[in-house]
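This report describes strands, helices and nonpolar cores in turn. Please look over the sequence and the model before reading on.

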Amino acid sequence: MKNLSINKLAHLRDNPSVSVPEDSLLQLPEKVLQFGTGVLLRGLPDYLIDKANRQGIFNGRIVVVKSTDSGDSGAFDEQDGLYTLCVRGVELGQNIEENIICSAISRVLSAKSQWQSILDCAQKPDLQIVISNTTEVGIQLVQDDISQSPPSSFPGKLLAFLYARFKAFGGSQESGLVIVPTELISDNATKLEAIVIELAHRNGLDSSFLDWLENANHFCNSLVDRIVPGKPDAPSYEAITKELGYHDKLLTMSEVFRLWAIEGNDDVKKILSFAQADEGIFVEPDINLFRELKLRLLNGTHTLSCGLAYLAGFDNVISAMQDDNMSAFMGNLMNSELGLAIPYPMDSKRPQRFGMQVLDRFRNPHLNHQWLSITLNYTSKMKMRNVATLLNYYKIFECVPAYFSLGFAAYLQFMKPVVREGFVYFGERDGVLYPIQDEKAEYFYHKWQELNPSQLVESVLQDKNLWDTDLTLLAGFAQTVTENLENMLTHGVKPTLDAFFLRNSISIPEINATI
């Protein structure tokens, strides 16, 4: 069986299990310079540009800059820049399985050995866009000399490229680029631009370049969200390879959901024409809305569900979604409480639609999200993701959010250490110990030793060092959390969860009698 390459494409067009690019897509001009070869880039931006090319919208390919010695440069060369993206998951309740040969990448250049070839790309009039994903560490200010071949840092490399661009086109406004970092930090482009400008000053670049840098180029904050596990395990890879009929060293798995929100004006939107190709791409003046949706709905639901689900006996997200009551808890929490109280102005249809997509992601049988992993730094996540939503819920509805209260009670029980080994604390589920990976584990160890459940709830909720506010001031919240916690401690977490959904038909005493 041969490896994937351009020469292999003609023989694959009769294979219904894979989407093969037309030969014309391999001749498109290079419009994008991309720093990074990682799976997130292949699974999201590169895939979306390939999709736009197939629709005749963007009509441009990507030159990739490989900054490190490790990685897949040799595989890219062997496969003529081609790679297979295997999309697996659930969308609108339907199972999706797609195999797509992506042809957006034209070539991969090594910064270490081909730096001049990279700088030569600055002379291309078709070039319009720079994309990056160099990990969070990449966007940092370090002392760098852009005359080096290459500069040591990503911002240094970008500055050297922009300076070469400025000189190649005489500083014309039309030669400026749209720069879209996808590193997973807030305000990624704002931070990158500030570093590049500072490095320009430190390198003594002239004022005309600085003026061009700041006024002709668009640094666009962006938010990306797609789970891209990368290459599958060996048995899965062999099964897919047999189905496809070729070997692919770059074969990459991804979920169905995709989000790429880019902060930009109409000029930026015109240049990023690929955004028209997929409903998961947004180019808007303000992308904080998307950050809030992800933080409050996806991350917030994870945080309020992880302790409850794990203590109820579910090890991963998909198993929890296969249980009627646990699935109902997560869906109702998201749609009936969190989605109605996001502390950011937005159309009510946004949370509804995003919530449906999140639930599809939770139902994806190809992903193995472990609840214990999600409990990492539980307390800080609870504060960052959910406290503002809770406060806004009370501001709007002036009542206790029932699902939130149950999830919070489970958080408190999960944070009950029963064993301490050195500086490591362990809770217990069904007689088996689990690690409490939280910087507040010692705090809760002492609370649980010294206080009864009612006192513990009161003490924790009113602790402003944890929440920056006194949560006991929220009418009925402490009482409801206490009732849920006492039921969990007395009857068990899963019975308490199941009884929670009976409250519309039977009274509280009857609930306690059934669990």
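Two strands pair if DSSP finds at least two bridges between them. Helices (H or I, at least four residues) and strands (E, at least two) are DSSP runs, numbered from the N terminus. The model is predicted, so to speak of local features takes pLDDT of at least 70, side-chain atom pairs count only at pLDDT 80 or more, and totals for chains, interfaces and linings use all residues. Residues are numbered from 1 along each chain as its sequence is written, and side-chain values use heavy atoms, with hydrogens and water left out.

**Strands**

In strand 11, Trp260 is the bridge partner of Val224. Strand 11 (residues 259-263) runs antiparallel to strand 9, and four bridges join the two. Both belong to an open sheet of three strands with the order 9-11-12 and mixed pairing. Its edge strands, each pairing on one side only, are strand 9 (222-225) and strand 12 (281-284).

| Strands | Sense | Bridges |
|---|---|---|
| Strand 13 (residues 419-421) and strand 14 (residues 424-429) | antiparallel | three |
| Strand 14 and strand 15 (residues 432-435) | antiparallel | four |

Arg420 has Tyr425 in strand 14 as its bridge partner, while Gly427 is partnered by Tyr434 in strand 15. The hairpin of strand 13 and strand 14 has two residues between the strands, and Gly422 there takes a positive phi near 65°. In the hairpin of strand 14 and strand 15, also with two residues between the strands, Asp430 takes a positive phi near 50°.

**Helices**

Helix 17 (residues 402-414) and helix 22 (residues 493-500) have axes (lines fitted to C-alpha atoms over the stretch in contact) that come within 12 Å and cross at roughly 175°. Helix 17 is therefore roughly antiparallel to helix 22, a term for angles over 145 degrees. Contact means heavy atoms within 4.5 Å. On this basis Ala402, Tyr403, Leu406 and Gln413 in helix 17 meet Val493, Thr496, Leu497 and Phe500 in helix 22.

**Nonpolar cores**

A nonpolar core is a set of buried Ala, Val, Leu, Ile, Met, Phe, Trp, Tyr and Cys residues joined through side-chain atoms within 4.5 Å; buried means under 20% relative accessible area, with a 1.4 Å probe and protein chains only. The largest has 73 residues, of which Trp371, Phe408 and Leu412 touch the most other members. Helix 11 (residues 288-311) gives the most to this core, with eleven residues. Apart from this core lies another, of 40 residues, including Ile118 and Phe161.

Notes: Axes fitted to C-alpha atoms, helices over the stretch in contact; angles between N-to-C directions. Parallel < 35°, antiparallel > 145°, perpendicular 65-115°, else oblique. Buried < 20%, exposed > 50% of the residue type's maximum accessible area, 1.4 Å probe, protein only.
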